[in-house]
Amino acid sequence: MHDNNLVVLDGDGVLWNYDLAFQKTAEKVLQRQVRLESNVYLLNERYGLTRDEVSQVKHELSKDFYNIPELDHAHELVQGIQSRGYDIVLLTAVSESEAKQRAQRVKDLDWNFVDVIAVPHEHASVQKGRHIDRLRPYAFMDDNLKYLSHANHCEHLVLLQLGYEDLGKVPSHVTVVYDPLDFLSVLDQGFHHSSYNDNHAMIM
């Protein structure tokens, strides 16, 4: 075990099933069936919606952000990290009201995160990078490559690759995992960046 025991995790896509909540809320708001149209990162293209429709859905979803369900692996991932002696900081791009709901959810789950940090969606990649450079964690996992792009002071930058088709080249210093629980192997073995790396990730 090394001296640095801090791990930073993104929220939606890593611990919470935002896609499921978004799709259900979209059908409620738009009063029609909403299906996955393509496996890309941008919500309007993914679900075949206009930007205005996406804004409407996000606005409605923000009112009940607390109840976005955890992903199936979430508890096992959190427990696995903490059982290895790491403290967890949640670093997520959400609004102020959503951040309050998310912090309460974390508390009610008894996850004992040392901090919940929210950054606005505007310039989120730069803001996340600044927090990573301030915190200097051992590892940081996010499902959005651009949110790793401005982080410099971190031993392991980890992209959770969710299979989006708008793919591009992953920098050599970023580790790629396809199963979020493989993040535990990164912690256990301290893989070199190329250990899980393939040549593709999302284009932003």
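**A first walk through the chain**

Let me begin with contacts: among those in the chain with a separation of 6 or more, residues 24 or more positions apart account for 66%. Please keep in mind throughout that what we are looking at is a predicted model.

As for the overall make-up, the chain contains 7 helices and 8 strands, and of its 204 residues, 49% are buried. Its accessible surface comes to about 10100 Å², and carbon and sulfur atoms contribute 45% of that.

I would now like to turn to strand β4, which covers residues 139-142 and in which Ala139 and Met141 point one way while Phe140 and Asp142 point the other, with all of them buried. In a regular strand the side chains alternate between the two faces of the sheet. On the pairing of β4, there are two partners to mention here: strand β1, residues 6-9, pairs with β4 in the parallel sense over 3 bridges, and strand β5, residues 156-160, pairs with β4, also in the parallel sense, over 4 bridges. If you look for Met141 in the structure, you will find that Leu9 stands opposite Met141, and that Met141 also stands opposite Val158 in β5.

Let me finish with a residue from a helix, namely Leu61, which is found in helix α3, residues 51-62. Is Leu61 buried or exposed? Its relative accessible area is 5%, and because buried means under 20%, Leu61 counts as buried. Leaving aside residues up to four places away in sequence, Leu61 touches Tyr18, Ala21, Phe22, Thr25 and Ile68. Of these, Tyr18 is 43 residues from Leu61 in sequence, while the two are 9.6 Å apart in space, C-alpha to C-alpha.

Terms used
Residues are numbered from 1 along each chain as its sequence is written. This is a predicted model: local features need pLDDT of at least 70, side-chain atom pairs count only at pLDDT 80 or more; totals for chains, interfaces and linings use all residues. Side-chain values use heavy atoms; hydrogens and water are left out. Helices (H or I, at least four residues) and strands (E, at least two) are DSSP runs, numbered from the N terminus. Buried means under 20% relative accessible area, exposed over 50%, partly exposed in between (1.4 Å probe, protein chains only). Contact means heavy atoms within 4.5 Å. Accessible areas come from the Shrake-Rupley method with a 1.4 Å probe; for residues, only the protein chains shown count as cover. Two strands pair if DSSP finds at least two bridges between them.
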